[in-house]
Amino acid sequence: MGWFVGWLNSFVQNTLTKNSIATPSRLKESGILSMNSRNLNYISRYNPRRLLPLVDDKLTTKRMAEKAGVDVPKLIGVIEYQSDIRKLKGILEPLEKFVIKPAKGSGGKGILVITGRDSDRYVKASGESLSFNAISRDVSNILGGLYSLGGKSDIAVIESLIVADPIFKDYSFEGVPDIRVIVFRGFPVMAMMRLATRKSDGKANLHQGAVGVGLDIATGNSLRSVQHDLPVSTHPDTGHNFSTLNVPHWHKILSLSAACYEMTNLGYLGVDLVLDKNLGPLILELNARPGLAIQIANGQGIKPRLQLIESLRKHDLPIEERVAFSQQHFGVATLSTLQRT
Amino acid sequence: MKGRFQLGLMVAVLIVAGLGLTLYKHFALGFPLLGKDISTVWSVEAWVSFKAQGEAAQASLTLPDQQSDVRILDESFASPGYGINQTNDGGQRRAVWSTRKADGRQDLFYKVKLRLEPGISPSVNDQPEPFIAPVLPEPYQTAATSLLNQVTDRSADPVSFAGTMINQFNAKEPDQNANMLLGMVEEGVRLPDLLVNLLHMGNIPARIVRGLHLEDGRRRQPIVDMIEVYDGTQWQLFDPKTGKAGNPDAFFLWQRGAKSLLDVMGGVNSDVKFSIISQNVPTRELALTQATQDGAALIDFSIYSLPLEVQNAFKIILLIPIGVLTVLFMRIVVGLRTSGTFMPVLIAMAFLQTQLIPGLVIFISLVSIGLWIRSFLSQQNMLLVARLGAVIIVVILIMAAMSILSWKLGITQALTVTFFPMIILAWTIERMSILWEEEGPKDVFKEGGGSLLVATMSYLLMSNPIVEQLTFNFPELMLTLLGIVLLLGQYTGYRLLELKRFYPLVHSVDSVHSVHSEK
C-alpha cells in the first residue's frame, strides 16, 4: 500500500511540474496572496465601499490630490456632456501633446495619448495618426460609458502629457513608464515599474503585454522583470538589460504613495506614479483593487509583508516613520528573515 | 472572529435544514428522491342533470365514503349558482346542492380522485343495523320459505347461505321456488331488493350497496347494485348477477344501503351519469395530495399550493440557483473569466429551450454576425446608447432572418432562436467588440469561450432530469445551496488557474532558496 501512495504522489507531482502547475501548499509557503483572499481579507476589510467612488473617479482623485498638496499631472479640461464636445476643438487647438482619459475607466481602458500634431491630424504614442473626428468619437464613447463599470455615463478628462524622465528611455518602448506602489494601511509594501512595449501599444498595462519590473522597497533597484507573467531579463523591443535599472527620487515616491492613505483612508491601495522630467514624481491614479501581478514581478509573495503590518501595535505613525519602517523591513537585504517567519 | 462563527453557524443551519427537510419529505411523506415513479389515479365524475321548474331547486347526491383497499385523494364540486352542503344522513355522506331559483336544464358535477391501495382499511363503525324479516304476499311467501329451507340445508354459514341462494336465481334452469319468486322481478321488484329481503327472512344481515367498476375511458357508466352480507365480523360482497363472492377487481363502492342515490326537489327528469378515467400520475403528486390530506404544513406553504401555470414557471426558476452555483464555482474556485457575471446562466436557460448543439450554433452565429455588423457601426460617429439600440435591432433582424431562412430550408431547430434574450445578446456583442478593439481577438475568444464553457456546464446540470426532479420536488434544497454559496463566499484559497499563473513565481523562489542554502 505504501509504495502505491508514494508512486501516486510522485506521479501527481510530475504531472503538475510538467504542466507548470504549482501546488496550493507551495504557493502558501511562498506567501502568495490569492485573488479570493485579496478580495475578502484585504479589499473588503480595509476599503470601505463608501470610499471607493473617491478613487473610481479620476477627476475626484485629482481634485482631492490637488487639495491635499499631492503632486499630480496638470488638468487641462473636462468634457462632461455630449453637447460639450463642441468645445473640444477649442480645448485641443493650442495643445501639442495631451492625454484624454475616462474619469471612471478601469484597467487603462479608453486612454488616448497624443504625443504630437501632424498638420490636422493627431499623432498617437504608437505613431498612428487620428483625425479630429476620430478623437471626438472617442470622447463621445467615453461620455456614453463605454469604458466605465456597468456602462454608466462618464466624464472625459484632458490633462497635460507627462514628459517622461529620459533616464528610462532605454527601458521603455514609447509611452511613459509608471510605478505602482501597494500601500497597506499607509505603509508602502511592494513596488514595481511598468514599462511599455510595442505589444502593449505604448501603454504601461501588464495585461496588454507591458513589462513589470519588481523594485526593492529599500532602494528602488530592480529585482526581477516579467512579461505576461513570465520572467524576462531584457526589454523585448530595446534589448536593454533591466538589472541595472534604478528609480531616482525613490524616497519621494514612497512618501507620496504613503500620503495617499491620509488622502483617501483606503487601507489597501495601489498608487500609480510617473516620473516627469521637470516635475519629478506625480500621482497618476489610485486603484482600490490593485492586481496581483506585482508579486510575480517581485518574485515574492506579498502576504508576509501584509501580515507584518497587520501585527503592528501602532499604525497611526507619521508618513516619514512609515516609509522608514517599510524601507527597513521590506528591503531585499532584510526580506529573507521575513520569509522565514 | 465572532462574525465568522455566526456565518459558520448560519451555513451549517442552512445546509442541515435543507437536507433535513428533503429527507423528511422523502421518508415521512413519501416523495420519490430519484426517478419518476408512476401510479394510477382514477378520476370518477358524477354528472347530475335535471330540468328545473323556475323555482327553488335542491339536489342531493350520495357521496362515496372511505373504504378498504381504496384511498380517496381529492373531491371537488362544480356547480355555478348553487350552494353546496355536505350532510351526514345516517352514516352516509350526501352532497346537497341548493339554489333559490333555477330554470331550464341544470348540470351539477361532483368529482372524486382515488387510488387503489390494497391493504388499507379505514376504521369506520360499520355494524349491521337491526332489521325485521319482511313478509311477502302469497304465493311468494310460501315459495320463499321452502327455498330458504332448501338453502339452509345446503349451507354452513351466512356467506355460503347467501352464495347458494343467489346461485339458485342465476342457475340456467332455476328450480320451482326460485322460478316462482322471479315472477316478482317481472312484476317490477328489483332482484337485489328481493335477494336482500330473502336474506333477511333467513335472519342474515344484508344490504344493497352501489358502486362502479373502474374501467378507463368509460362515460355514462351505470351504477351497479351489489349485495353485502354480514358474516359476523365483516361485510362480504356478492354480485347478484353472478353469485360471485368477494370484492371484484377495481370496484369502487359509492353507496351503502338502499336509500336513493339522487333526490331532486324543484326539478324533473333528473338523472345521474358517471364517467371514469384513469391517469398516470407521478408518485410525487400523489405524495402531495396524501400529505395535504394528512395536513403536513410543509406542503401547505409550498410551491405546490400555487396554480399549475405558476408552478411550471417555478420549475425553470428553481433551476437558476444551479446555474448560479456553477458560475460561482467556475469563478471562485477555478478562476475562469466570463463576459458578464451571470450571462452564462441566461445563455444556459436559452439552451434549455433550444437544446445544446443548436443553441451553441445559434449563439455563436448570432454573436459573430452581430460583431461583424457592429464593426460597421463603430466606424460611424454614434452615441453609445444609440449604438446599443442599433445593435439590439440588428440582433432582432438577424433572429428573424435566421428563423425564416431555416424554416425555408427545413431546419426547424433554428426556430428556437427566439428563446435567446436579445438585450443580453446585444450587450454581449457590444462588450466583445470593445474587447476586440482594446485587447485583440485573443481575449474575445478567451472570454467568449469561458462564457460558453460555463453556460454549457450549467446547461448540462440544469437539463439533468435528476437535478430538475430534485430542485422542483425539494425546493428546500435551495437552503442547502444558499449555505454552499455562503461558504464559497468565504473561500480565500487559490483559484485553480492561479496555481498555473503563479508557478514561475514559486519556481524562482525555489531557486533563490537553493542559492541561499548553497551559501
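A: The account below begins with the contact between the chains and then turns to the salt bridges.

This is a predicted model, in which local features need pLDDT of at least 70 and side-chain atom pairs count only at pLDDT 80 or more, whereas totals for chains, interfaces and linings use all residues. Residues are numbered from 1 along each chain as its sequence is written, chains are lettered from A and ligands numbered from 1 in the order in which they are written, and side-chain values use heavy atoms, with hydrogens and water left out.

The contact (heavy atoms within 4.5 Å) draws 47 residues from chain A and 35 residues from chain B. Between the two chains an area of about 3500 Å² is buried, 55% of it given by carbon and sulfur atoms; buried area here is the accessible area (1.4 Å probe) that two parts lose on being put together, summed over both. Of the area that chain A buries against chain B, 17% comes from Asn36(A), Arg137(A) and Leu146(A), more than from any other three residues.

Polar contacts also cross this interface: the rule finds 12 residue pairs, both residues at pLDDT 80 or more. Such a contact is a pair of N or O atoms within 3.5 Å; within protein, one must be able to donate a hydrogen and the other to accept it, and residues adjacent in sequence count only if both atoms are side-chain atoms. On the side of chain A that touches chain B, α2 (24-29), α3 (35-46), α7 (132-144), β11 (230-232) and α9 (293-298) each supply at least two residues. Helices (H or I, at least four residues) and strands (E, at least two) are DSSP runs, numbered from the N terminus. By class, this side of chain A has 15 nonpolar, 26 polar and six charged residues; Ala, Val, Leu, Ile, Met, Phe, Trp, Tyr, Cys and Pro count as nonpolar, Asp, Glu, Lys and Arg as charged, and the others, Gly among them, as polar.

One salt bridge is found across the interface, a salt bridge being a side-chain nitrogen of Lys or Arg within 4 Å of a carboxyl oxygen of Asp or Glu. Its partners are Arg501(B) and Asp229(A), with the closest N and O atoms 3.1 Å apart.

Over all chains, the search finds 31 salt bridges. In one of them, Arg198(A) pairs with Asp237(A), the closest N and O atoms being 4.0 Å apart. Arg198(A) lies in the loop between β8 (187-195) and β9 (211-215), and Asp237(A) in the loop between β11 and α8 (250-264), 39 residues apart. Arg198(A) is exposed because its relative accessibility is 57%, while Asp237(A), at 31%, is partly exposed. The cut-offs are under 20% relative accessible area for buried and over 50% for exposed, with partly exposed in between (1.4 Å probe, protein chains only).

Glu262(A) and Arg322(A) also form a salt bridge, at 2.8 Å from N to O. This pair joins helix α8 to helix α11 (residues 319-330) of chain A, its residues being 60 apart. Glu262(A) is partly exposed, with a relative accessible area of 43%, whereas Arg322(A) is buried at 1%.

In chain B, Asp443(B) forms a salt bridge with Arg337(B), with 3.5 Å between the closest N and O atoms. Asp443(B) belongs to helix α14 (residues 441-462) and Arg337(B) to the loop between α9 (320-334) and α10 (343-354), 106 residues apart. Asp443(B) is buried, with a relative accessible area of 10%, and Arg337(B) is partly exposed at 35%.
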